[in-house]
Amino acid sequence: MIDIKNLNKKFGKHHVLKDVSVTSKKGECIALVGPNGCGKTTLIKSFLGMVVPDSGSIDFDGKSVLGEYEYRNRIGYMPQIGRYPDNMTIGQVFEMVQEIRQSNHLDKELYDAFKIEQLAHKKMSTLSGGTTQKVSAALAFIFNPEVLILDEPTAGLDPLASEILKEKIVKEKEKGKLVLITSHLLSELDDLVSEIIFMHEGRIEFHKPVQQLKDETQEDKLSRAISKVLKTTSKPLNDE
Amino acid sequence: MNKIIKIIFLDILKSKIIIAYTLMLAILSWSSFVLEDNETKGVLTILNVILFTVPLVSVLFSTIYVYNSSEFVEMLLSQPVKRKKIWIGLFSGLSLSLVLAFLIGSGIPLLVYSPDKVGVMMIVMGSLISVIFASLACLGSIMTRDKAKGIGIAIMLWLYFALIFDGIVLFLLFQLSEYPIENAMVGITTLNPIDLARIQILLELDVSAMMGYTGAVFKKVLGTSSGLMISFALLCLWFVVPFWISLKKFIKKDL
C-alpha cells in the first residue's frame with residue numbers, strides 16, 4: 001500500500017532521512033521504533049505531505065503522493081502533539097474537519113468511549129495534554145480511514161484511555177487496515193504489532209516481522225528482543 | 001477553498017481587534033467630516049489618516065494572525081486539503097475582513113459626505129491598500145518562523161513605506177533639484193503603493209496645482225484615464241507579486 005523509496009531529507013546541515021525505503025501492505029500493523037531524533041516523525045510527516053522531501057519517491061497504492069492531497073481522505077493521522085486553533089471548541093474542530101472531509105460514514109466508537117460529546121463546548125486552549133490526545137485519537141479514527149498513522153498514541157493518556165485506544169487499534173487492524181505506530185514504550189506494542197521497523201540516525205536498521213525478530217533473538221518480549229538486537233549492533237552504531 | 005475562506009473569515013470577524021479597528025476608522029472618518037467645514041478638507045484629513053493607519057493595522061494584524069494560525073494550518077495539512085488552498089484561504093480571509101472593516105468604518109462616511117468620484121476613489125484605494133499590506137504580511141511572515149522577527153519585519157515594512165520612503169524621495173528632490181527629475185519622480189512613486197494611492201486621490205481632488213511642476217507632470221502622466229488604469233494595474237501588482245512569492249515559499253515549506 002505504502003511504498004517509500006530512497007527518501008532523503010535535510011534540515012539545513014542536519015541529514016534527517018538517509019535513503020529511507022519502506023514498503024507496507026494492507027492488514028499490517030507496523031511499529032516504527034528508534035531513539036529520539038532518529039527521523040520517525042519526519043518520515044511520517046513526509047508521507048502526509050507536511051514535510052517536503054529532497055529526493056526519493058512516496059507511492060500510495062501505486063500513485064505518487066508528492067504534491068497530491070486527495071489521498072489524505074483515506075488516512076487518519078494522530079500527531080504526537082496535537083496542535084489546534086486555540087479559540088475553537090472541540091465541537092467546532094470536529095465539525096470543521098467533517099465539513100472538509102465530506103464524509104457521512106462515521107465511526108464514533110472512540111468519540112463515545114472518550115466521552116467527547118460532553119466536552120464539545122470546551123475551548124481547545126483550556127484542554128489538558130491528555131484530553132488533547134483523546135481529541136486527536138478520536139479525530140484520527142472517526143472517518144473510518146484505510147490507513148491509520150499514530151505518532152506516540154499512548155503518550156499522555158491515562159491507563160484507562162490508553163487501554164481503550166489499544167483495543168480499538170487491534171480491532172481496526174483485524175478489519176484489514178494498515179496501522180503505523182511510533183512509540184518509545186515497547187512494552188505497549190507487544191500484543192499490537194505484526195512488523196517492526198527500527199530506525200537509527202535517519203537510516204532504517206531493519207524491517208522484520210515481529211515473530212522473526214523474536215525467533216532470531218529467542219526472546220518472547222518485544223522490548224527484550226529489541227534491546228538484544230541493539231546490544232549486538234551497538235558497536236557499529238556508535239562508530240558512526 | 002470557499003470552506004477555508006469562510007472558516008477564517010468568520011474567525012477573524014469574531015476577533016476584538018478587527019471590531020476595534022472598524023470602530024477606530026469610523027470615529028476618525030466621521031469626526032473629520034464633522035470637524036472640517038468643507039468636504040474637500042474632510043477628505044484630505046481622512047486621506048492622511050487612511051494612508052497612515054490602514055497599512056499599519058493591515059500589515060500588523062495579518063502578520064500576527066498568520067503566526068497564530070500555524071496550528072490551524074498544521075491541522076488542515078493532515079486533512080485532504082490542497083496546500084495552495086490553505087494559503088490562498090488564509091490570505092483571502094484576511095483581505096476580505098480587512099476590506100470589510102474599512103468599508104464599514106470609512107466607506108460609509110465617505111459615501112455619505114462625498115458621494116462623488118473622489119469618495120469612490122478613496123474607497124477603492126483604501127481597499128487596495130488593505131489587500132496590499134495583507135499580502136506583504138504574508139510574505140514577511142513566511143520568511144521566518146520566529147514570531148518576534150516576523151512582527152519586526154511587519155513594522156519595518158510599514159515604517160519604510162509610510163515614512164522612510166518619503167524621506168528618501170524628499171532628500172533626492174533637494175539634492176537633485178538642479179536636474180529635470182520630474183519624470184523620474186513618477187517612476188519612483190510607483191515603487192511605493194501608499195504614494196501611488198495618495199497621488200491618485202490628490203489628482204482626483206484637483207489640488208495637484210499645489211505640488212508645482214511635479215504636480216503638473218503627475219497630472220499629465222497619471223491624471224489621464226490610461227494613467228489611472230496604469231496606476232490601478234501597478235497597485236494590483238503590488239499585492240499579486242508578494243502573495244505569489246509567499247505562495248511559492250509556502251508550498252515548499254516544512255511544517
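This is a predicted model: local features need pLDDT of at least 70, side-chain atom pairs count only at pLDDT 80 or more; totals for chains, interfaces and linings use all residues.
View 1. Laid along its principal axes, the C-alpha trace of chain A covers about 55 × 40 × 30 Å. For 240 residues, a compact globule would come out with a radius of gyration near 18 Å, and chain A has 18 Å, so the two agree.

**View 2. Inside chain A: burial and contacts.** Buried residues make up 39% of the 240 in chain A. Take the contacts in chain A with a separation of 6 or more: 70% of them join residues 24 or more positions apart.

**View 3. Helix 5 and helix 6 of chain B, crossing.** Here we've got helix 5 (residues 83-113) and helix 6 (residues 117-143) of chain B, whose axes come within 9 Å and cross at roughly 155°. Angles over 145 degrees count as roughly antiparallel, so that's what helix 5 of chain B is to helix 6 of chain B. As for handedness, the crossing of these two chain B helices is right-handed.

**View 4. Who touches whom between helix 5 and helix 6 of chain B.** On the helix 5 side, the residues that meet helix 6 include Phe91(B), Leu94(B), Leu98(B), Phe102(B) and Ser106(B). Helix 6 brings its own set to the contact, among them Gly119(B), Met122(B), Ile123(B), Ser130(B) and Cys138(B). Sort the residues of this contact by type and you get 13 nonpolar, eight polar and no charged.

Technical notes
Residues are numbered from 1 along each chain as its sequence is written. Chains are lettered from A and ligands numbered from 1 in the order in which they are written. Axes are lines fitted to C-alpha atoms, for helices over the stretch in contact, and angles run from 0 to 180 degrees between N-to-C directions. Helices (H or I, at least four residues) and strands (E, at least two) are DSSP runs, numbered from the N terminus. Angles under 35 degrees count as roughly parallel, over 145 as roughly antiparallel, 65 to 115 as roughly perpendicular and the rest as oblique. A crossing is left-handed if the near helix is turned anticlockwise from the far one by less than a right angle, and right-handed if clockwise. Two residues are in contact if their C-beta atoms, placed from the backbone, lie within 7 Å. Ala, Val, Leu, Ile, Met, Phe, Trp, Tyr, Cys and Pro count as nonpolar, Asp, Glu, Lys and Arg as charged, and the others, Gly among them, as polar. The radius of gyration is taken over C-alpha atoms; the globule rule is 2.2 Å times the number of residues to the power 0.38. A residue is buried if 20 or more other C-beta atoms lie within 10 Å of its own, exposed if 12 or fewer, and partly exposed in between; C-beta atoms are placed from the backbone.
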